[in-house]
Amino acid sequence: MLSRRAVVTLIATSPLAAMAGTETVPQTTVKIRTPEQVAFRSLALLAVVRHALAHPGVSAWVKAHQVTAYLSRSEAAFLKSVKPPRQERIAFSWRSEALVPLLWALHQIDKMPPPNTQMDMAGVVNSSGIWSSPAAFVTSAKLRSRDALLDARQDAQEANWRARDARIHGRPTPPDLDAGIIQERHHGLNWLAGDSGDDWDFVSTDT
């Protein structure tokens, strides 16, 4: 049976869709990140989230586990700040929701939380060993199927479009969505799909 994403892709690439001016990026051009890349990106996100929440020992942890090379430019600058401004701390704390789909992709979360529900990361961090045993976390990393990852990305894109469409037209955000949550998850999934370039800071979340 075809996945929902595959059905949507077939419809979008059909001759009738082309006549109507509807196009989509062929799924065969999407290059999924490797398990190791996703694992190290998860470590980087966890570091900035914990720094934003004033957890002790983050800088030492980053150096000890060779995470520095996987930080984006903005993340590296943020971690160098001993007392970052409040707005920066808030912004980087929201990266916990970008981390959610990566941990889900690595089988550390059984089911993606609803797009209006923040993830309680404490239990996931403890059970996954991402903080206590980062080397083992990386070496044991395995990704879900390509279809599952692309289905999740399409769900995030559609949810983000719904939230933006409501804002553009002056309507309340649909109750089954949280604009902040879905923006971050869409960011994470677009990076994971590998079609937005290598720089985390400039991943597109266009809808």
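A salt bridge is taken here as a side-chain nitrogen of Lys or Arg within 4 Å of a carboxyl oxygen of Asp or Glu. R41 and E75 meet this criterion, with N to O at 2.7 Å. R41 lies in helix α3 and E75 in helix α5, so the pair ties together parts that are 34 residues apart in sequence. Both residues are buried. The model is predicted. A search of the whole structure finds five salt bridges.

Two further bridges join helices α7 and α11. E184 pairs with R95, and the closest N and O atoms are 2.7 Å apart. E184 belongs to α11 and R95 to α7, so this bridge ties together parts that are 89 residues apart in sequence. E184 and R95 are buried. E97 forms a salt bridge with R185, with the closest N and O atoms 2.8 Å apart. Here α7 supplies E97 and α11 supplies R185, so the linked parts are 88 residues apart in sequence. E97 is buried, as is R185.

A polar atom of the R41 side chain lies 2.9 Å from the backbone oxygen of Y70. The charged end of R41 also sits over the ring of W200, 4.7 Å from its centre. Leaving out residues up to four places away in sequence, R41 touches Y70, L71, S72, E75, L102, W191 and W200.

The structure holds four aromatic pairs. One of them joins F40 and Y70. Their ring centres are 3.9 Å apart and their planes are at 5°, so the pair is stacked. F40 is in helix α3, whereas Y70 is in the loop between α4 and α5; the two are 30 residues apart, and the pair links distant parts of the chain. F40 has 11% relative accessibility and therefore counts as buried. Y70, at 37%, counts as partly exposed. W61 and W131 form another stacked pair, because their ring centres are 4.2 Å apart and their planes are at 15°. W61 lies in helix α4 and W131 in the loop between α8 and α9, so this pair ties together parts that are 70 residues apart in sequence. Both W61 and W131 are buried.

The nonpolar interior was examined next. In soluble globular proteins, nonpolar side chains tend to be buried together. The largest nonpolar core has 51 residues. Those with the most contacts inside this core are L43, V62, L103, F137 and L192. At least two core residues come from each of α3 (35–52), α4 (58–64), α5 (73–80), α7 (95–105), α8 (121–128), α9 (134–139), α10 (146–168) and α11 (179–193). Helix α3 gives the most, with ten residues. Neighbours within four places in sequence aside, F137 is in contact with A39, S42, L43, L103, L106, Q108, S128, G129 and I130.

Helix α7 is mostly covered. Eleven of its eleven residues are buried. These are R95, S96, E97, A98, L99, V100, P101, L102, L103, W104 and A105. The cover over the buried residues of α7 includes α3, α6 (86–93), α8, α9, α10 and α11. H107 follows α7 and has a positive phi, near 70°.

E158 and T207 are 49 residues apart in sequence, yet their C-alpha atoms are 7.5 Å apart in space.

Conventions
Residues are numbered from 1 along each chain as its sequence is written. This is a predicted model: local features need pLDDT of at least 70, side-chain atom pairs count only at pLDDT 80 or more; totals for chains, interfaces and linings use all residues. Side-chain values use heavy atoms; hydrogens and water are left out. A nonpolar core is a set of buried Ala, Val, Leu, Ile, Met, Phe, Trp, Tyr and Cys residues joined through side-chain atoms within 4.5 Å. Buried means under 20% relative accessible area, exposed over 50%, partly exposed in between (1.4 Å probe, protein chains only). Helices (H or I, at least four residues) and strands (E, at least two) are DSSP runs, numbered from the N terminus. Contact means heavy atoms within 4.5 Å. A polar contact is a pair of N or O atoms within 3.5 Å; within protein, one must be able to donate a hydrogen and the other to accept it, and residues adjacent in sequence count only if both atoms are side-chain atoms. Rings of Phe, Tyr and Trp (its six-membered ring) pair if their centres lie within 6.5 Å; planes under 30 degrees apart count as stacked, over 60 as edge-to-face and the rest as tilted. A charge sits over a ring if NZ of Lys or CZ of Arg is within 6 Å of the ring centre and within 35 degrees of the ring normal.
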